[in-house]
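Trainee: Could you walk me through how helix packing gets described here? I would like to see each label set against its definition.

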Amino acid sequence: MMKQEAKAKVLVVEDVASISQVYRAFLERAGYAITTATSGSEGIEKIEKEAPAVVILDLNLPDMRGLETLQQFIARAGTVSVIVATSEGSIKVAVDAMRFGAYDFVVKPVSSERLVTSVRNALEHSTLKADLQMMRDNFSRDSFCGLIGKSFSMQAVYRTIEAVAASDATVFITGESGTGKELAAEAVHKLGRRSAKPFVAINCGAIPRELISSELFGHLKGSFTGAVADRPGAVKQADGGTLFLDEICEMQLDLQPELLRFLQTGTFRPVGASRTEKVDVRIVSATNRDPLAEVSAGRFREDLYYRLHVVPLWMPPLRDRGDDIVEIATEFLARFSEREGKVSRVLSDEAARKLLAYDWPGNIRQLQNVIRNAIVMNDAPIIGASMLAIPDATRVEARPEGRPGTPVLSGVSALRSREEVAARGNADGVGVLDPERWKDPSDVMSLEVIERAAIERTVEICDGNISRAATYLGVSPSTIYRKRGLNK
């Protein structure tokens, strides 16, 4: 840490030479590199050329004065933290400066300890701002390898895929049906070194029990009734590339040892063959079940689970992805309008709200069907809410499903006590659990009223940001849209 601080550059913008020298002495003794400017214009020039980590700014400069000085510096500072230096009689100005974006203020004359502490804290703040900006620049993407969405949960998916793609590690994808598990598997393949080789997908739950070995490992002519010719299996077809085992937890238990043996040795024997063959494939598997629950129930081998579960990747349900729902719907509108030979459509605001209010048990696959139905059945250029073949926002609470093998988590800052709820109050400013309002049974309010008060107050605290309010309340955004609509 001290090595980092010793390299940090502090820009002192102060027109009084004696004060500037005092600052320099204090900060150089603490290990900082100091550069100075005696005017606002010189200070702005040095911010742009020398990229200091922290700026100490006097608000009364020869060419700039007051909060206008700060505004000009903040506009050019980027992730640099600005400390305002002010005289004792200008505390109000310093407080106003904090509202305009200053990180801290010091009062002249300032002690060495106070100045160094402020700079140290400002440096940490600048570092955090820079890291956050880097994350936004590098990781905030609207789409990725066919996947659509910029929600926080999808950014995590994108980063995991990028991190694992370059290796040959086995990937285990979990998530509800229709969340895009196969698209994620294809993305792992496309970004990896095997991208020029085949990507072969096999649905372990859709193949009859008696044919699964043949589908996976192939067979020789005459090895069973109907085997009229030699046929390579999925394993052979994927040689050099990626084999995607979808719905892996639906594979029959007595067939799992054969797959485990292949994963351990890389060798297999086609049905009816006497010799083994060897291939080089990467394995990506997926399931919409909780694999650990399947292991506990004795339906899935534990050793096979740990052989497959090297890098886990969880695909979030659509109901938890907020505004991604509208983005995906918009993409489907353009895609299916072109496919059906119709003019491109747009969603009305009412239709968008209806999409957000629904909890999408069928996830992206269901949304795709709803949008295609609207395109086929209507010629209007604007898709209204009535054209969407989904129920009105009257569904019960969104299903409490979390990641497979993990507990369902509550909101980040859910109200934890009666006292906290009473202190925060409801939308009209009166605590819904205030003991003064609960003196006898006639004062009792219904859960619907209390719930509505909690929702409205949280939305207000979050400045109308539904996704953030949903995080605090521990529910999905669609739940808030739905309950606000029902209670109006």
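Trainee: Why are α14 and α16 called oblique to each other?

Mentor: The axes of α14 and α16 (residues 363-377) cross at roughly 45° and come within 9 Å. Angles under 35 degrees count as roughly parallel, over 145 as roughly antiparallel, 65 to 115 as roughly perpendicular and the rest as oblique, so α14 and α16 are oblique to each other. Axes here are lines fitted to C-alpha atoms, for helices over the stretch in contact, with angles from 0 to 180 degrees between N-to-C directions. Helices are DSSP runs (H or I, at least four residues), numbered from the N terminus.

Trainee: Which residues of α14 and α16 make the contact?

Mentor: Among them are I325, F332 and R339 of α14, and I364, Q368 and R372 of α16; contact means heavy atoms within 4.5 Å. The contact residues divide into 10 nonpolar, two polar and two charged. Ala, Val, Leu, Ile, Met, Phe, Trp, Tyr, Cys and Pro count as nonpolar, Asp, Glu, Lys and Arg as charged, and the others, Gly among them, as polar.

Trainee: What about α14 and α15: at what angle do their axes cross?

Mentor: Helix α14 (residues 324-339) and helix α15 (residues 349-357) cross at roughly 120°, and α14 and α15 are therefore oblique to each other. I325, V326 and A329 in α14 meet A352, L355 and L356 in α15. By class, that contact has six nonpolar, no polar and no charged residues.

Trainee: How should I treat the model itself?

Mentor: It is a predicted model, where local features need pLDDT of at least 70, side-chain atom pairs count only at pLDDT 80 or more, and totals for chains, interfaces and linings use all residues. Residues are numbered from 1 along each chain as its sequence is written, and side-chain values use heavy atoms, leaving out hydrogens and water.

Note on methods
Helices (H or I, at least four residues) and strands (E, at least two) are DSSP runs, numbered from the N terminus.
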